[in-house]
Amino acid sequence: MTILQGEGALTADQGDSDKAASAAIVELAGRARASSRVLAQATRAQKDGALLALADALVAAAPEILAGNAQDLERGRASGMSGGLLDRLALDEPRIHAIAASLREVAALPDPVGAVVRGSTLANGLRLRQLRVPMGVVGVIYEARPNVTVDVAGLALKSGNAVLLRGGSAAESSNGAIIATLRSALEASGFPADLVQSIDEYGRAGARALMRARGHVDLVVPRGGAGLIQTVVRESRVPVIETGVGNCHVFVDSTADVDMALKIVINSKTHRVGVCNAAETLLVHADAAATFLPTVLSELSARGVRLHGDDRVRASAPAGVDVLEATHEDWATEYLDYEIAVRVVDDFDQALAHIREFSTGHTEAIVTSSLRAAERFTAEVDAAAVIVNASTRFTDGGQFGLGAELGISTQKLHARGPMGLEELTTTKWVVTGDGQIRA
């Protein structure tokens, strides 16, 4: 279930509940703004200490968080939630420890606030510095992703921001337990609890109000499916960073090492299916098809992956491997489940043309032994991440050394790709003189 599915569209006429939600969001944003001013006075050591305390608190609260998560999973199964979404929603002890570890990684990273982007001294003696500063109040609208609650809170704390979180009904119990833990740990560390606030109690009206709170909220980031993201992009009056619908491709070139290609495709598709950096389409060069297709189709099918293929793919399928006829819709689909579309392309140009037509600009990968092919692919493919001879699953803030991520931006302004601490800052110019006036 998302904030769009089962809860109605975000574009409904504003009624009494919307007015009440708007007033509430303005009030919460004011508290967030005041809290961010307190945070602005904190040293790096104080912020890092709080991050470590948050990590410890999450581990200590694991029983309560897992109990809430079990409730969410039970509701999800009862409502027919897909396997991919259930996987994204699910928490266990190792995942909680991994989430806590990401906070510790963020604590170990340099503090971006106050960093000098560039500076100079003019001929008239004016000293210029362009400094990184926090965005301020950041709203995040997401679905079925309790890990995002922690990632966003940790990145916001380190980068000097306060956050308003709309986590959706699918993860309501998980997020409730997590946010209560974070707020308690913040207060114990000497910071305002209102640096992290949930607006879930205001439902769809709260999400609408958040998007319309221009002047109170500085930035909105949607994380979720295409419907959620496009609704926020269309409806928000607050500036938006558009994140990661991932119709990601793996192209197996004619020169690809078969064993390497097989490992990369299997990992890209099946490592975790409900995430935006999972592969959704496999393109195979015609010269590699006879050798590669029977094996990869068998391996994917054995792992429970539902296959959609063109005529040449279906003709290559071994006995017992069912391949459905691929449609135009399949090439454009982000499955977020155990499904993949497979196509044979005649040459490199056709592969690039297919990617240009159907890519969402998230992550595109090639498997090749040709330096020329790799260079051409990286030069011509327009995506936030272009990968040579590795899994698409590496497009991730943690894997890129960012500690955690706010999301993966597929737009080109301000931020692109995995967004970490620096992407949660903007800049301001500080000009220091000794009496200069402009003639």
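A: In S4, Leu-164 is the bridge partner of Gly-139, and this pair belongs to the joining of strand S3 (residues 137-142) to strand S4 (residues 162-166) by five bridges, the two strands running parallel. The model is a predicted one, in which local features need pLDDT of at least 70 and side-chain atom pairs count only at pLDDT 80 or more, while totals for chains, interfaces and linings use all residues. Residues are numbered from 1 along each chain as its sequence is written, and side-chain values use heavy atoms, with hydrogens and water left out. Strands are DSSP runs of E with at least two residues, helices runs of H or I with at least four, numbered from the N terminus, and two strands pair if DSSP finds at least two bridges between them.

The open sheet has four strands in the order S5-S4-S3-S6, with parallel pairing; its edge strands, S5 (196-198) and S6 (219-223), each pair on one side only. Helix H7 (residues 172-188) packs on this sheet and touches S3, S4 and S5, its direction making about 150° with that of S5, where contact means heavy atoms within 4.5 Å and angles run from 0 to 180 degrees between N-to-C directions of axes fitted to C-alpha atoms, for helices over the stretch in contact. Helix H8 (residues 203-211) lies across S3, S4 and S6 and runs at about 140° to S3.

Leu-164 returns among the contacts of Val-217, which also touches Val-137, Val-138 and Gly-139, among others, not counting residues up to four places away in sequence.
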